[in-house]
Amino acid sequence: MTNLIEIRGVTHAYKTAAGPLPVLDNLEIAIPEGGFCAVVGPSGCGKSTLTRLIAGLMFPDQGEVWLHGERVRSPRRSVGMAFQNPVLLEWRTILQNVILPLEIVDPRMPKAKKEARARELLALVGLEGFEDKRPSELSGGMRQRASLCRSLVHRPEVLILDEPFGALDAFTREDLWQLMHRLRAEESFTALLITHDLRESVYLADQVVVLSGRPARTQYVLDIDMPGIRPIDMLYTARSVEWLATLRRQIEIAQGRTAEPATSTETAT
Ligand SMILES: Nc1ncnc2c1ncn2[C@@H]1O[C@H](COP(=O)(O)OP(=O)(O)O)[C@@H](O)[C@H]1O
Ligand SMILES: [Mg+2]
């Protein structure tokens, strides 16, 4: 077993009043242990649906989702999730918000141990000294940092990020991209990032999957072989500009604006 996450021939339709709405069509994605996969695709093509299938919050009509050699048939505790809206609880302090998943996943862990783990992560993301603040006392970028801590506190095998940086201003977003690289170096997880920001996908991922329009198929896979922490100016290198142009073109195909099929050898099914 070399892949930690495998999406095998996943097909899914929502039942709606107007009849079935096909969302995913024979989707194939494989992410090795410790890998970082970014998924990009047109709005409404089924990206968030994919995250719910991986977390075991719903199950596909056809095909299989595998996590660490086990077929997903129930909600998974080994998954951490962060979303565009950090949804922190205002009646809890930042520290208490970060501890929350441990209270659910590992209720018997001693309180001091839970707190130490949360403090360690908060320090790692630069929130030392803010442990006792309420969410409303923090900036948007700080709240998203706290949300990342909460998604990682129980040491999940899989980290699912559904457009977590989408609502932030450009400079804060770049800070958080760099933070993601540091988190990846310090913590061990396999990541799936949903994003509509191609630069974000190129800076963070070692595999970028472009989904077609709904129902989503795996339209294109771009491998970015650059291990380790990447300097932010890697985005301005000729290689990155070429990757971005390729992805941009694939998105246009996915949106149906370009009829021409892709010709690269990197093209998936
Ligand atoms: N629970 C649901 N019931 C019916 N349709 C849904 C449900 N959730 C999402 N959809 C529809 O399925 C499609 C894919 O949704 P989603 O996975 O959220 O797309 P994305 O995250 O790529 O924007 C959209 O057209 C959305 O309206
Ligand atoms: Mg979505």
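## Packing of helices 2 and 3

In this predicted model, helix 2 spans residues 94-105 and helix 3 spans residues 111-124. The two helices pack at an angle of about 115°, and their axes lie 9 Å apart. The crossing of helix 2 past helix 3 is right-handed.

Helix 2 contributes Ile94, Leu95, Val98, Ile99 and Leu102 to the contact. From helix 3 come Lys114, Glu115, Arg117, Ala118, Leu121 and Leu122. Sorted by class, the residues of this contact are eight nonpolar and three charged, with no polar residue.

## Surroundings of ligand 1

The shell around ligand 1 consists of Tyr14, Thr16, Leu21, Val23, Ser43, Gly44, Cys45, Gly46, Lys47, Ser48 and Thr49. The most is given by helix 1, with three residues.

In terms of class, the shell around ligand 1 holds six polar residues, four nonpolar residues and one charged residue.

## Division into domains

The chain is divided into two domains. Domain 1 is made up of two segments, 1-78 and 156-269, whereas domain 2 covers residues 85-148. Taken over C-alpha atoms, the centres of domain 1 and domain 2 are separated by 27 Å.

Where the domains meet, eleven residues of domain 1 and eight residues of domain 2 take part in the contact. The side of domain 1 that touches domain 2 comprises seven nonpolar, one polar and three charged residues.

Technical notes
Residues are numbered from 1 along each chain as its sequence is written. Chains are lettered from A and ligands numbered from 1 in the order in which they are written. This is a predicted model: local features need pLDDT of at least 70, side-chain atom pairs count only at pLDDT 80 or more; totals for chains, interfaces and linings use all residues. Axes are lines fitted to C-alpha atoms, for helices over the stretch in contact, and angles run from 0 to 180 degrees between N-to-C directions. Helices (H or I, at least four residues) and strands (E, at least two) are DSSP runs, numbered from the N terminus. A crossing is left-handed if the near helix is turned anticlockwise from the far one by less than a right angle, and right-handed if clockwise. Two residues are in contact if their C-beta atoms, placed from the backbone, lie within 7 Å. Ala, Val, Leu, Ile, Met, Phe, Trp, Tyr, Cys and Pro count as nonpolar, Asp, Glu, Lys and Arg as charged, and the others, Gly among them, as polar. A residue is near a molecule or strand if its C-beta atom, placed from the backbone, lies within 6 Å of it. Domain bounds come from an automatic or database domain assignment.
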